[in-house]
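Let's take a friendly walk through a protein model together. Have the sequence and the 3D view ready, and follow along one stop at a time.

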Amino acid sequence: MFQKFITYNDLNKKGGNLEKKLFNEIENELVVLDSIYGTNRTNCNDGGMVILCREEEDITALSKAIININIFPFEEAEIFPALKENFVKILFFLNNEFSITVILPISIVPENVLLELIEVIN
């Protein structure tokens with residue numbers, strides 16, 4: 001199942017087993033959200049969240065629960081190396097005051113999203 005982090009406090013509670021590079025990438029996103037929107041946010045408030053997917057099944061669950069990354073247009077993307085494999089960080093704006101950053105291994109990025117990422121990165 002995908003992991004959802006809304007605040008830096010969430011990351012500290014649930015992200016202790018993450019490798020350092022992944023933890024740092026998620027931390028960077030959450031620190032910005034916390035500083036702008038506060039640390040008492042929920043997924044119903046302005047601000048946003050970071051979602052970590054590790055398996056293809058996580059993408060399916062994410063599509064059913066929160067956002068379908070196969071069809072929802074993204075704002076920006078970045079590839080970063082982690083210890084065992086490269087990851088992709090994709091930013092989605094759901095409205096002007098709420099964003100979702102999805103982080104997943106490049107090996108499970110859906111093909112149509114990967115093709116769009118290549119266009120954006122180049």
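Which residue forms a salt bridge with aspartate 34? The partner is arginine 41, and the closest N and O atoms of the two are 2.7 Å apart. A salt bridge here is a side-chain nitrogen of Lys or Arg within 4 Å of a carboxyl oxygen of Asp or Glu. Aspartate 34 and arginine 41 are both buried. Buried stands for under 20% relative accessible area, exposed for over 50%, and partly exposed for what lies in between, with a 1.4 Å probe and protein chains only.

Before we go on, a word on what you are looking at. This is a predicted model, in which local features need pLDDT of at least 70 and side-chain atom pairs count only at pLDDT 80 or more, while totals for chains, interfaces and linings use all residues. Residues are numbered from 1 along each chain as its sequence is written, and side-chain values use heavy atoms, leaving out hydrogens and water.

Now turn to lysine 89. This residue is found in strand E4; helices (H or I, at least four residues) and strands (E, at least two) are DSSP runs, numbered from the N terminus. Lysine 89 counts as buried because its relative accessibility is 10%. Searching the whole structure gives five salt bridges. One of them joins glutamate 25 to lysine 89, with the closest N and O atoms 2.9 Å apart. This pair links distant parts of the chain, since glutamate 25 sits in helix H2 (residues 20-37) and lysine 89 in strand E4, 64 residues apart. Glutamate 25 is buried too, with a relative accessible area of 7%.

Lysine 89 also forms a salt bridge with glutamate 78, where the closest N and O atoms are 3.7 Å apart. Glutamate 78 lies in strand E3 and lysine 89 in strand E4, so this pair ties together parts that are 11 residues apart in sequence. Glutamate 78 is partly exposed, at 36% relative accessible area. Put together, Lys21, Glu25, Glu29, Glu78 and Lys89 are linked in a network of salt bridges.

Next come the aromatic rings. How many aromatic pairs does a search of the whole structure find? There are three. Rings of Phe, Tyr and Trp (its six-membered ring) pair if their centres lie within 6.5 Å; planes under 30 degrees apart count as stacked, over 60 as edge-to-face and the rest as tilted. The ring centres of phenylalanine 72 and phenylalanine 92 are 6.1 Å apart and their planes stand at 65°, so this pair is edge-to-face. Phenylalanine 72 belongs to the loop between H3 and E3, phenylalanine 92 to strand E4 (residues 86-95), and 20 residues separate them. Phenylalanine 72 is partly exposed, at 31% relative accessible area, whereas phenylalanine 92 is buried at 0%.

Phenylalanine 92 has another partner: with phenylalanine 74 it forms an edge-to-face pair, 6.3 Å centre to centre and 80° between the planes. Phenylalanine 74 and phenylalanine 92 are both buried. Phe72, Phe74 and Phe92 make up one aromatic cluster.

Our last stop is isoleucine 71, in the loop between helix H3 (56-65) and strand E3 (76-81). Why does isoleucine 71 count as exposed? Because its relative accessibility is 68%.
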